[in-house]
Amino acid sequence: MVTTGQGNAVSPATADDFATAWRKLRADDEIQFARVELPETDPRPDWLTEFLEWLGEIFTPVAGALVEAWPVLKLLLIGLAVLAAAYFLLETFGPGWRRKKQEGDDPHDWSPQEHEALALLEEADRLAAVGDYDEATHLLLKRSVGQIAEARPDLVEPSSTARELAAEARLPDAARAAFALIAAPVERSLFALRKLEEADWQAARAAYADFALARKAIGA
């Protein structure tokens, strides 16, 4: 006789109870008791067996050689990793890293893309070829402002004037000088109502070309 924590007596299970429960369990169709016969698989083809044996003959000596050479190979791999890390650190923080970083961040290193500069000069030249020096020079000015705004959006405000941009200290010196030479004749044309002459156009064109194509000239 077994008692519970409350003092109630519980009768032990009899052998008949277990037998009855077992018969009910075996009679349940949802439970699988029958032995499952696995289907026979086709034997591995001879060519596959021969291929695996051939691979074993090739790679077993290789694996053995790698195991024997592992102490030396491990030191070699560690040495290569150290060399790679040293090269990375030297390139990143070597003697010239600060100069390279400053050159990369230097706004004075900016100039328009060569293809954009050539396309602009070609378009302006067509206007100048028919004597429209005012529009040709004005085109250089407008596109120059657009190029500056694209490269340095922090410098160009909707209210920015050509005179203000020409005096902008954060622009590269060459860009500021070229912009001033282009802006001056445009101001005369717009505000003094003075038509520009070919000399005015040529001076503005030369100023833009010297600045925008300076890298091409250096490369040549």
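This is a predicted model: local features need pLDDT of at least 70, side-chain atom pairs count only at pLDDT 80 or more; totals for chains, interfaces and linings use all residues.

**Entry 1: the overall layout**

I started at the N terminus and read off the elements, which run β-β-α-α-α-α-α-α-α-α-α. My tally is nine helices and two strands in the chain. For this I used DSSP runs numbered from the N terminus, where helices are H or I with at least four residues and strands are E with at least two.

Residues are numbered from 1 along each chain as its sequence is written, and side-chain values use heavy atoms, with hydrogens and water left out.

Next, how much of the chain counts as buried? I got 21% of the 220 residues. Buried means under 20% relative accessible area, exposed means over 50%, and partly exposed is in between (1.4 Å probe, protein chains only).

I then turned to helix α2, which covers residues 46-93 and holds Glu 53. Which residues gather in a patch of negative charge on the surface? I wrote down Asp 46, Glu 50, Glu 53 and Glu 57. Asp and Glu count as negative here and Lys and Arg as positive, with His and the chain ends not counted. The place of a charge is taken as CG of Asp, CD of Glu, NZ of Lys or CZ of Arg.

Patch members must have over 30% relative accessible area and no salt bridge; like charges are joined within 9 Å, and nonpolar side chains (Val, Leu, Ile, Met, Phe, Trp, Tyr) within 5 Å. Glu 53 counts as partly exposed because its relative accessible area is 48%.

There is a nonpolar patch on the surface too: Trp 47, Phe 51, Leu 52, Trp 54, Ile 58, Phe 59, Val 62 and Leu 66. Together they have about 830 Å² of accessible area, worked out by the Shrake-Rupley method with a 1.4 Å probe, where for residues only the protein chains shown count as cover. I checked Leu 52, which sits in helix α2 and is partly exposed at 39% relative accessibility.

Is Thr 60 buried or exposed? It counts as exposed, because its relative accessibility is 55%. A polar atom of its side chain lies 2.5 Å from the backbone oxygen of Gly 56.

Thr 137 is in helix α5, residues 133-151. Thr 137 counts as buried, at 0% relative accessibility. Its side chain reaches the backbone oxygen of Tyr 133 at 2.8 Å.

I looked up the rule for such polar contacts: a pair of N or O atoms within 3.5 Å; within protein, one must be able to donate a hydrogen and the other to accept it, and residues adjacent in sequence count only if both atoms are side-chain atoms.

**Entry 2: salt bridges**

Side chains of opposite charge can pair when their charged atoms come close. The rule for a salt bridge is a side-chain nitrogen of Lys or Arg within 4 Å of a carboxyl oxygen of Asp or Glu. How many salt bridges does this rule give? I noted six, and looked at some of them.

- Glu 122 pairs with Arg 126, their closest N and O atoms being 3.6 Å apart. Both lie in helix α4 (residues 114-129), four residues apart, which is about one turn of the helix. Glu 122 is partly exposed at 48%, whereas Arg 126 is exposed at 51%.
- Glu 123 pairs with Arg 143, with 3.0 Å between the closest N and O atoms. Glu 123 is in helix α4 and Arg 143 in helix α5, so this pair ties together parts that are 20 residues apart in sequence. Glu 123 is partly exposed at 28%, and so is Arg 143 at 35%.
- Glu 135 pairs with Lys 142, the closest N and O atoms being 4.0 Å apart. Glu 135 is partly exposed at 32% and Lys 142 is partly exposed at 44%.

Last, I looked at two pairs of C-alpha atoms. Glu 114 belongs to helix α4 and is partly exposed at 37%.

The C-alpha atoms of Ala 177 and Phe 211 are separated by 8.8 Å, and these two are 34 residues apart along the chain. Ala 177 is in helix α7, residues 173-191, and is partly exposed at 42%.
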